[in-house]
Amino acid sequence: MPRSTALTFRFVQLFVGLFLYGASTALQVRAVVGVSSWTVLTQGLENVVPWSFGVITVVSSGVILLLWIPLRQKPGIGTLLNALAIGPSADLVLWLVPEPSGLLARIALFAAGLVLLAVATAFYIGAGFGTGARDGLMVGLHERLGWPLWLARTLVEVSVVIVGWILGGNVGAGTVIAAFAIGPMVQPLMPFFRRFPWSPERRDVGATPEPRAPGVQRVRSELPS
């Protein structure tokens, strides 16, 4: 596959994944059975600092990016687009999807949102343009410490819920379920979404060595990320 075509497909994968990520967040909000772990933390921080929900979200993202330094994670264009695209897509789905009236419908909507979140996470990360600030913690712990992805994600989610709850954030049944379930759901999906013909990892593995003169070391060229 030509490099330009592969790059185009990677961008499409990134944008689709980010849109689905925002949609999954909206579905969980509409289900009203418990907010996400990071929302619990933000709610808790509202009780501590005199800032709005949005300001806390932005500032906490910056603090989380500082934690990338010891984990040797580098932000990419996906990190920036994560911050810009997820909010509008969540707003769109919130406008399109009404809040269900019955408990079973709310549980079903929450389950759909949770599954969609796992798919969206693996989908946009598989494009190879970098992760969002919060997902970067999962990937960084996996790559730096060798922890399984499910364990890294679960520890991050549970820790965030505990801190947010201590600070006064609202914790529901859905919050607890999501904190423990999302990690094991994401891990098996990650390799799958890195096997597309345009995926950078697959292209690197299947690349044909370029001829080079004796004694001259070839520098492998990679798709920009």
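I began with the largest pocket, which is lined by 38 residues, and Tyr21, Thr25, Thr57, Ile86 and Arg134 lie nearest its centre. The elements that give two or more residues to this lining are α1, α2, α3, α4, α5, α6, α7 and α8. I noted that α4 gives the most, with nine residues.

This is a predicted model, where local features need pLDDT of at least 70, side-chain atom pairs count only at pLDDT 80 or more, and totals for chains, interfaces and linings use all residues. Residues are numbered from 1 along each chain as its sequence is written, and side-chain values use heavy atoms, with hydrogens and water left out.

**Terms for empty space.** Rolling a probe the size of a water molecule over the atoms shows where empty space is left. On a 1 Å grid over the protein atoms alone, a pocket is an open set of points with protein on both sides within 12 Å along at least five of seven lines, and a cavity is a set where a 1.4 Å probe fits but cannot get out; lining residues have an atom within 4 Å of a point. Grid points are joined across faces, edges and corners, and a volume is the space filled by probe spheres set on the points.

**Pocket, continued.** I read a volume of about 1,100 Å³ for the largest pocket. Its lining divides into 20 nonpolar, 13 polar and five charged residues (Ala, Val, Leu, Ile, Met, Phe, Trp, Tyr, Cys and Pro count as nonpolar, Asp, Glu, Lys and Arg as charged, and the others, Gly among them, as polar).

**Cavity.** I looked for cavities of 30 Å³ or more, and the count came to one. The largest cavity has a volume of about 30 Å³. Trp38, Leu41, Thr42, Leu45, Ile56, Ser60 and Arg134 line the cavity. By class I listed four nonpolar, two polar and one charged.

**Trp38.** Which residues does Trp38 contact, leaving aside its neighbours within four places in sequence? I found Ile64, Arg134, Leu137, Val156, Glu157 and Val160 (contact means heavy atoms within 4.5 Å).

**Core.** Of its 46 residues, Leu14, Trp38, Leu137 and Met138 touch the most other members. α5 gives the most to this core, with ten residues. Buried means under 20% relative accessible area, exposed over 50%, and partly exposed in between, with a 1.4 Å probe and protein chains only. Buried residues make up 40% of the 225 residues in the protein chain.

**Helices.** I counted ten helices and zero strands in the protein chain (DSSP runs numbered from the N terminus, H or I of at least four residues for helices, E of at least two for strands). α1 has 29 residues and reaches 42 Å from its first C-alpha to its last, close to the 42 Å expected (1.5 Å times one less than the number of residues). Val32 follows α1, and its phi is positive, near 55°.

For α6, the 13 residues should span 18 Å at 1.5 Å a residue, and the end C-alpha atoms are 18 Å apart, so the two agree. I listed the buried residues of α6, among them Leu137 and Met138. Gly146 follows α6, with a positive phi near 80°.

How values were computed:
A nonpolar core is a set of buried Ala, Val, Leu, Ile, Met, Phe, Trp, Tyr and Cys residues joined through side-chain atoms within 4.5 Å.
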